[in-house]
Amino acid sequence: MNKRDLILGVIGILAIGGAIWMFVAKPGAPKPFPDTLNFDGICLKCRQDVSASAKREQRAPWECPTCKERSVYPWMFCHGCKKLFIPRLEAASDGGPPKMPVVPVCTGCGGSRTGSYYPDDPEQQDVAGRVDLPKWP
């Protein structure tokens with residue numbers, strides 16, 4: 001082994017050690033997880049569109065800024081028919097307002113390739129309309 005190979009070997013070991021130290025032993029400062037959720041939704045009581053934020057631990061429905069009822073649900077997006085919808089709601093066991101289902105199914109086409117609606121998402125820019133809203137109890 002010559003001197004050049006020895007120097008390259010030491011540099012390689014130092015580079016690998018530095019990479020391990022950066023990614024494992026010394027991670028960067030933890031990034032705080034946001035405690036609020038921004039959403040676009042609609043109030044099922046007064047039928048007003050709502051863009052707001054809520055505490056992450058709060059679940060839909062949220063209070064409507066117009067009618068003050070807990071009747072605001074987030075828009076969902078169907079990747080099949082490209083429409084916005086509010087899924088069929090489920091009765092709350094505590095007698096409160098109806099809850100969102102765990103697995104939302106599109107009320108327009110019945111598709112299950114659905115998710116939250118994010119207006120800035122490039123895959124959700126071509127919205128084809130809205131499905132009829134469920135009735136408010």
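Me: How many disulfides does the structure hold?

Reply: A disulfide is a covalent bond between the sulfur atoms of two cysteines. Counted as a pair of cysteine sulfur atoms within 2.5 Å, the structure holds zero disulfides. C81 is in none, the nearest cysteine sulfur, that of C106, being 3.7 Å away, and C109 is likewise in none, with the sulfur of C78 nearest at 3.5 Å. This is a predicted model, in which local features need pLDDT of at least 70 and side-chain atom pairs count only at pLDDT 80 or more, while totals for chains, interfaces and linings use all residues. Residues are numbered from 1 along each chain as its sequence is written, and side-chain values use heavy atoms, with hydrogens and water left out.

Me: How many salt bridges does the structure hold?

Reply: Side chains of opposite charge can pair when their charged atoms come close. The structure holds three salt bridges, each a side-chain nitrogen of Lys or Arg within 4 Å of a carboxyl oxygen of Asp or Glu. One of them joins R4 to D5, with the closest N and O atoms 3.9 Å apart.

Me: Where in the chain do K45 and E69 lie?

Reply: K45 and E69 form a salt bridge whose closest N and O atoms are 3.7 Å apart. K45 is in the loop between β1 (36–43) and β2 (49–55), and E69 in the loop between β3 (62–63) and β4 (70–74), so the pair links distant parts of the chain, 24 residues apart; strands here are DSSP runs (E, at least two residues), numbered from the N terminus.

Note on methods. Helices (H or I, at least four residues) and strands (E, at least two) are DSSP runs, numbered from the N terminus.
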